[in-house]
Amino acid sequence: MEWFDQYLTDLQQGVASRHGELVLLDDFNAKSPDRGAMVEDAKGGALSQLAGALEMVSLNTGEPTFVRREQQSCIDVTFVSEGLVNHVTDWQVLENEPCSPHKHICFEIGSTSVRKTQLLSCVKLEKQKFIESFGNILVRHPEVNSGKKISKFIKKVFRAACDENRNEATGSWNPYWWTEQIEQMRKKCIKARRRALRAQGNPNIVDTDTEALWQKYKDARKSLHKEISSRKKASWTELYTKLDENIWGDGYKIVMRQLKPGNPFELTAKRKLEIAEHLFPRGLGYISAKIMPVAFTPFSQEELRMATCRLKNAAAPGPDGLRAEAVKYTFEA
């Protein structure tokens, strides 16, 4: 155990000396229920403490990574920095036959934005565009009949049908006080600054003309700052006066954009059961419940239509970020 502690110490120093997001993979031969093992040994506890100190998250899902005869364990661990968790997808243990008891681990690192689930920031949902797009997807994929795939298609169409408040030049989100007038004034300010910079090093332009260009840029910048300040005050007053009317309006959306999404990793079914048994221990008088057979009647299309009609528009979206309008338009499609 001493050599393992020294190994973790050296590893921590090496990781701490590096900058940016990190991926750490190794056969640590350390067992912990957090990574799918039955028990936690001394190495597993020390490794969990190291991961917490380095602010790294394990991607293991509990699937065995080491198989030899009857022995199976999850000793091959994949750690990533917290800032990289949302960019890692499709972590899996391959079922091919490697030349060793250790199975191959595969995953992808992409440039997925952390706003990918925040669909609620759409300003306007175009009904006709949504219905046409979703209908086209169903025509191209008639074999789709699972809820997960249909939900994926709904989110894809929902993004495309939304009139999102984005800056066309940068692709970033415009602030709540942004207007078309400010956009035009900003363009004029940038144009005036470029002209002044080009004239500064041009021998064919006299100093008086250069000074005039710089003065024109300063005036444009002053007007822009004044307009922004005025618009901010007016928009802020408008925001908090509307809170009593609609608490899920622009103020709610502005706050939600600043919040970071939760950790996407999931506990294994075994770990969930262990946590439940620890939180809700069984007493001495425990009586096992008998599961009685229940006959379920499939719901009809009319019942589904009535259920969607009861959804209120402009309500707060659920965890998937979809608004009630998207559910209604999906039924129509």
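**Entry 1. H5 and H6**

I looked up how H5 and H6 are arranged and found them roughly antiparallel to each other, because angles over 145 degrees count as roughly antiparallel. In this predicted model, helix H5 (residues 180–200) packs against helix H6 (residues 207–241) at an angle of about 160°, and the axes are 8 Å apart. I took axes as lines fitted to C-alpha atoms, for helices over the stretch in contact, with angles running from 0 to 180 degrees between N-to-C directions. Helices (H or I, at least four residues) and strands (E, at least two) are DSSP runs, numbered from the N terminus.

The crossing of H5 past H6 is left-handed; a crossing has this hand if the near helix is turned anticlockwise from the far one by less than a right angle, and is right-handed if clockwise. I then listed the contact (heavy atoms within 4.5 Å). On H5 it includes Gln181, Ile182, Met185, Arg186 and Cys189, and on H6 it includes Trp214, Tyr217, Leu224, Glu227 and Arg231. The contact residues of H5 with H6 divide into 13 nonpolar, four polar and seven charged. For these classes, Ala, Val, Leu, Ile, Met, Phe, Trp, Tyr, Cys and Pro count as nonpolar, Asp, Glu, Lys and Arg as charged, and the others, Gly among them, as polar.

**Entry 2. Provenance**

I note that residues are numbered from 1 along each chain as its sequence is written, and that side-chain values use heavy atoms, with hydrogens and water left out. As the model is predicted, local features need pLDDT of at least 70 and side-chain atom pairs count only at pLDDT 80 or more, whereas totals for chains, interfaces and linings use all residues.

**Entry 3. Overall counts**

I recorded ten helices and nine strands in the protein. Of its 333 residues, 28% count as buried; buried means under 20% relative accessible area, exposed over 50%, and partly exposed in between (1.4 Å probe, protein chains only). Among contacts with a separation of 6 or more, 61% are between residues 24 or more positions apart.

**Entry 4. Salt bridges**

I searched the whole structure for salt bridges (a side-chain nitrogen of Lys or Arg within 4 Å of a carboxyl oxygen of Asp or Glu). The search finds three.

- Lys242 pairs with Glu238, the closest N and O atoms being 3.1 Å apart. Lys242 is partly exposed at 42% relative accessibility, and Glu238 is partly exposed at 35%.
- Arg271 and Glu274 form a salt bridge at 3.2 Å, N to O. Both lie in helix H8 (residues 269–279), three residues apart, about one turn of the helix. Arg271 is partly exposed at 24%, as is Glu274 at 26%.
- Glu302 and Arg305 form a salt bridge at 2.5 Å, N to O. The two are separated by about one helical turn because they are three residues apart in helix H9 (residues 301–309). I found Glu302 partly exposed at 42% and Arg305 partly exposed at 33%.

**Entry 5. H1 and H2**

I next examined H1 against helix H2 (residues 42–53), which pack at an angle of about 15° with axes 11 Å apart. H1 and H2 are therefore roughly parallel to each other (under 35 degrees). Their crossing is right-handed. The contact is made by Trp3, Phe4, Asp5, Leu8, Leu11 and Gln12 of H1 and by Lys43, Ala46, Leu47, Leu50 and Ala53 of H2. By class, I counted eight nonpolar, one polar and two charged residues in the contact of H1 with H2.

I followed one residue of this pair further. Asp5 is found in helix H1 (residues 2–16) and is partly exposed at 36% relative accessibility. Asp5 and Ala46 are 41 residues apart in sequence, yet 7.7 Å apart in space, C-alpha to C-alpha.

**Entry 6. Asn29**

Where is Asn29 placed? I located Asn29 in the loop between strand E1 (23–27) and H2. The phi of Asn29 is near 55°, a positive value in a residue other than glycine. Most residues other than glycine have a negative phi. Asn29 counts as partly exposed, at 40% relative accessibility.

**Entry 7. H3 and H10**

Finally, I looked up helix H3 (residues 127–140) and helix H10 (residues 324–332), whose axes come within 9 Å and cross at roughly 50°. The crossing of H3 and H10 is right-handed. Lys127, Phe130, Ile131 and Phe134 of H3 meet Ala326, Tyr329, Thr330 and Glu332 of H10 in the contact. The contact of H3 with H10 has five nonpolar, one polar and two charged residues.

Notes
Angles under 35 degrees count as roughly parallel, over 145 as roughly antiparallel, 65 to 115 as roughly perpendicular and the rest as oblique.
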